[in-house]
Amino acid sequence: MIVSFERRFIFLRTMKTGSTSVELALAELCGPEDILTNVSRFEEHRQGRGQQNNILPLETVPFWSRLAWAFGMDAKKAGIQLPNHAYAKTVRRLCTPEQWASFTKITIERNPWDREVSHYLYRKRNGKESGSFAEFVRRGWRRRTIPNFDIYAIGGKIVADEVMRFETLSADFNAVMARLGIEDPPTLAHLNVSRPGEKPDYRAYYDDATRAAVARLYAREIEAFGYTF
């Protein structure tokens, strides 16, 4: 997540959408007063500024997190450090009303059927999933699903001004840079790509039941952006 007071934009970082590459690129445009969260294991790829100014003011932190902090718990564990996928409702508290209204709010979305396969494969590569894709999807309501819609929406209303598509990310990124007046935009890196042996077409992972289940899980973004299987 980035709030650039210098360039007057906000980047709401979504999950499994190429957002790490975009955040690293946007960091090259940021100044010393801007807010940047971490990009976990990809910090070594930074060419611009690293995480900075990403500790939440105590008055914006829920009571129980403040209490944990007061008793000496590490700030990150207490929830004081901004998450890299901070929700728009949290980011809004970091801005004045004028800044929130006038800054260009940028995010990325991806076809949910494709995105869910990417999420499954990522978890499987990292030892967090051992079952089949069908089992993974069936647990959708009982596990932490991808909360992208809630990252770029508040109260069910999309607040992002620019929603780039994963499927056309390079072109969309350049178009957004042009609208922001960035004449020499940074280059997007290709990170977190698929591994050998993984099926290239997400449709190959689905049957009718899993296709319908993902449609239910992510109905809001499917309707908002007209995604189809």
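1. Accessible areas here come from the Shrake-Rupley method with a 1.4 Å probe, and for residues only the protein chains shown count as cover. On that basis the protein chain has an accessible surface of about 11900 Å², and carbon and sulfur atoms account for 50% of that surface.

2. A word on the basis: this is a predicted model, where local features need pLDDT of at least 70, side-chain atom pairs count only at pLDDT 80 or more, and totals for chains, interfaces and linings use all residues. Residues are numbered from 1 along each chain as its sequence is written, and side-chain values use heavy atoms, with hydrogens and water left out.

3. The protein chain holds eleven helices and seven strands (DSSP runs: H or I of at least four residues, E of at least two, numbered from the N terminus). Of its 229 residues, 49% are buried (under 20% relative accessible area, 1.4 Å probe, protein chains only).

4. Have a look at Arg13, in the loop between β2 (9-11) and α1 (19-27). Arg13 counts as buried because its relative accessibility is 4%. Its side chain makes a polar contact with the side chain of Ser19 at 3.4 Å (N or O atoms within 3.5 Å, one able to donate a hydrogen and the other to accept it; residues adjacent in sequence count only if both atoms are side-chain atoms). The Arg13 side chain also reaches the backbone oxygen of Asn38 at 3.3 Å.

5. Ile10 is in contact (heavy atoms within 4.5 Å) with residues including Val3, Val91 and Trp100.

Definitions and conventions
Buried < 20%, exposed > 50% of the residue type's maximum accessible area, 1.4 Å probe, protein only. Lists of a residue's contacts leave out its neighbours within four places in sequence.
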